[in-house]
Each structure stands twice: as C-alpha cells, then as structure tokens.
Amino acid sequence: MARLLEEGVQLASRQSYDAAAERFNAVLVLAPDHPLALVNLAGIAQDRSHQEEQGANRPEVIERLDREAVELFERALAATPSLSVGVRTPVLIRLGRLHRLLGEHEKSRDTLLRVARDAEASAQDRQTAREELTTTHARLLGFPERNPSEAEAKRYARLWQEATTPIKGLLGDDMDRPLSQAEVRRFETARPLLQQALDLIPENWAAAWTLGMVERRLGNEARSLECFIRAFELNPYNPDVSREASISAGLAGRMEDAVRFSEAALDVDPADAGLVANLALNLLLAGRAAEALPHAKEAVARAPKDRVSQAVLALTEQVASGALSVEQARKKALGR
C-alpha cells in the first residue's frame, strides 16, 4: 500500500490525475476507508475543480467536484486509524473552505472552530483557521464575497498607511503614560482616517479594532467600546478583538459584557493562560468571586511565573475570603 500511495502522490504532482486516482482506489480495495488514500483523492477532486475554474468554468462541474472532495475529506476524518494532527488540521481547514464555497456557512464555521480550539494544532494552523473563520463570519453576516476594486484597495491602503504609520509603536504603549501634545495630535489625525477606511470597507474588523485602540488612548472610553463591539461583531474569532472589548467594557463598568467578551476570547483560544486570567478578573469584578476563583487558580497553574495571573489570584482570594469588597478590588485592579 505504501508503494501505491507514493506512486499516486507522484502522479498527482504531475497532474496525471486519472492514474493517481487509480493508485489511491487500489489502496481502498486493500484497506477500505484508508484515511491517506481518501485525503489524496479529495485533493485530486479539488485540483480538478481549480482546473475547471481556470478553463471552461462550468459551475455544475465545479460544485460536483467540490462536493466529492467534501465527502472524501469527511470520510478520511472519520476513518480508523485517525489522521495525525499534522494531516488532520490542514484537512479541516480545507474542508472549512469548501463548505464556505458551497454556501454551507454554518458547517464551515463549525469545521474551522475545531482547528481554532485544538490544543494539538500548531499556532500557525490555529491562526489560519481564525482567519478563515473571519471570512466565513462575513458571509454569515450577509457581506458579499467580493474583492475590493483596484481603486478601493488603493484608497484603503493609503488611508491605512496615513493613519497607522504615525502611531506605530504607540498602541501597545503603557496605557497609563500621559501622551505628549504631539502624540495626541497624531492620534487625533489617525481617528478620521480610520473611520474613512471603515466606511470604505465596512466588513474590515481591523479598522474598527484600531480605531477602538485610538479612542481608548485618547481617553474616549465610551467611543472605544463602541468600536470594539463593532470589531467583535465583525470578527468574534480573534481573541485580541474579544480581549480588548472585554477590557473596554470593564473600564466602562459594564462587567457582564466584559465577562461575555472574555468568555468569547477563551472559547476560540482555550490554550491561552492570559485569557483565563482575564476571565477570572472580569468575573470577580462582576461580583462572581466564586466563579472567578477556579479560573484564577487555573491561570496560575498554567503560567506560574506570570505576575498578572498571580495578582488576579491574590485579589480573587481576598474577595472570596471577605478581606476585600468587590468595589475595593475594582479600585485596586484599576490602580485607583
């Protein structure tokens, strides 16, 4: 079987698809539902679909080949022995894209979430899955699958560059450090440019997120939260978006919203200890110390040397024991 698989892969790489499929089907005769044979047959169906797009471009043929690839990928994922993680995650990503191409957006979302939440998947594969989820989510929101025109793309690039270049390095700066007058002017100049970029491409979550960071740095927390909520609506699968939304909601005193956003961040990236600590803190400040305590302990267990997690645990234990009130804990957490 190994020889047949190797020959099939070599033939497929030379676009000898019929001969390659013959080798992979021969493997299936010997071992029905052999996962690697199924994966390679699915790859052939996808390659033929791409060829059709570049040639006659018959929609019915493209859909038939894409559905064939979906069926084969799903059989491979359900087969025994299981695919290794190095094969499984790329297969899931490809399957998620196929579901989206076929208009099956809920299936696309659920498939890609399996990768985003998989602790065994590589960081790169999880990031790729989150990027694909953003595109799928845009379809679920009703945004058309389109590429900006050349004029739109150029204008957006110009707006983005003019807005972000002067503030590069300042968004991740110490938020408690007062801005100089020159820095304030740079942020104030960036604000309308980012709004224009968002108006130009309304589904672009990055513009909304960056605008939220700018408004926060200028002290406009209510407007900052509006921008982060917009970014979250556009892309709930990026933990940076959810985390910043939770921080802004907390600063605005909307603690239940802060909890909701921090739960969303952890849901899509459960391996991040920092997100566990963030959820613990928001639960604590929402008056839910009993729920916060196990999360705070988990954050420290995952990252024993992380000072933020240690501080959150200490604060949570003080509130849980009655040594501090929730309001006292909030003032302490905010440095007030």
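Modeller: A residue counts as buried when its relative accessible area is under 20%, and as exposed when that area is over 50%. Keep that cut-off in mind. This is a predicted model.

Start with the whole chain. The protein chain holds 17 helices and zero strands. Its C-alpha trace spans about 70 × 50 × 30 Å along the principal axes. Of its 336 residues, 47% count as buried. Take the contacts between residues at least 6 apart in sequence: 55% of them join residues at least 24 apart.

Now the part itself, helix α11. Helix α11 runs over residues 221–234 and has 14 residues. From first C-alpha to last, α11 reaches 20 Å, close to the 20 Å expected at 1.5 Å a residue. Its buried residues are Glu221, Ser224, Leu225, Cys227, Phe228, Ala231, Phe232 and Leu234. An α-helix has 3.6 residues a turn, so residues three or four places apart point the same way. Where do the buried residues of α11 pack? They pack against α7, α10 (205–217), α12 (239–251) and α13 (255–268).

Two aromatic pairs are counted in the model. Tyr156 and Trp160 form a stacked pair, 6.1 Å centre to centre with 15° between the planes. Tyr156 and Trp160 sit four residues apart in helix α8 (residues 150–164), so about one helical turn separates them. Tyr156 is buried, because its relative accessible area is 13%. Trp160 has 27% relative accessibility, so Trp160 counts as partly exposed. Phe232 and Phe261 form an edge-to-face pair: 5.0 Å centre to centre, 75° between the planes. Phe232 lies in α11 and Phe261 in α13, so this pair ties together parts that are 29 residues apart in sequence. Phe232 and Phe261 are both buried.

Next, α7, another partner of the buried residues of α11. Helix α7 covers residues 123–140, and Asp125 lies in it. Asp125 is buried yet has no salt bridge. Which side chain of opposite charge is nearest to Asp125? That is Arg97, 8.3 Å away. The side chain of Asp125 does make a polar contact with the side chain of Thr89, at 2.9 Å. Leaving out residues up to four places away in sequence, Asp125 touches Thr89, Pro90, Ile93 and Val115.

Thr111 is buried, because its relative accessible area is 9%. Beyond residues up to four places away in sequence, Thr111 touches Leu92, Leu95, Gly96 and His99.

Finish with helix α17. Val326 lies in α17, which covers residues 326–333. Its relative accessible area is 30%, so Val326 is partly exposed. Not counting residues up to four places away in sequence, Val326 touches Leu284, Leu285, Gly287 and Val319. Leu102 is 224 residues from Val326 along the chain, and 50 Å separates their C-alpha atoms.

Back to α11, then. Its buried residues pack against four named helices: α7, α10, α12 and α13. Phe232, one of those buried residues, pairs edge-to-face with Phe261.

Notes:
Residues are numbered from 1 along each chain as its sequence is written. This is a predicted model: local features need pLDDT of at least 70, side-chain atom pairs count only at pLDDT 80 or more; totals for chains, interfaces and linings use all residues. Side-chain values use heavy atoms; hydrogens and water are left out. Helices (H or I, at least four residues) and strands (E, at least two) are DSSP runs, numbered from the N terminus. Buried means under 20% relative accessible area, exposed over 50%, partly exposed in between (1.4 Å probe, protein chains only). Lys and Arg count as positive and Asp and Glu as negative; His and the chain ends are not counted. A salt bridge is a side-chain nitrogen of Lys or Arg within 4 Å of a carboxyl oxygen of Asp or Glu. A polar contact is a pair of N or O atoms within 3.5 Å; within protein, one must be able to donate a hydrogen and the other to accept it, and residues adjacent in sequence count only if both atoms are side-chain atoms. Contact means heavy atoms within 4.5 Å. The expected span of a helix is 1.5 Å times one less than its number of residues. Rings of Phe, Tyr and Trp (its six-membered ring) pair if their centres lie within 6.5 Å; planes under 30 degrees apart count as stacked, over 60 as edge-to-face and the rest as tilted.
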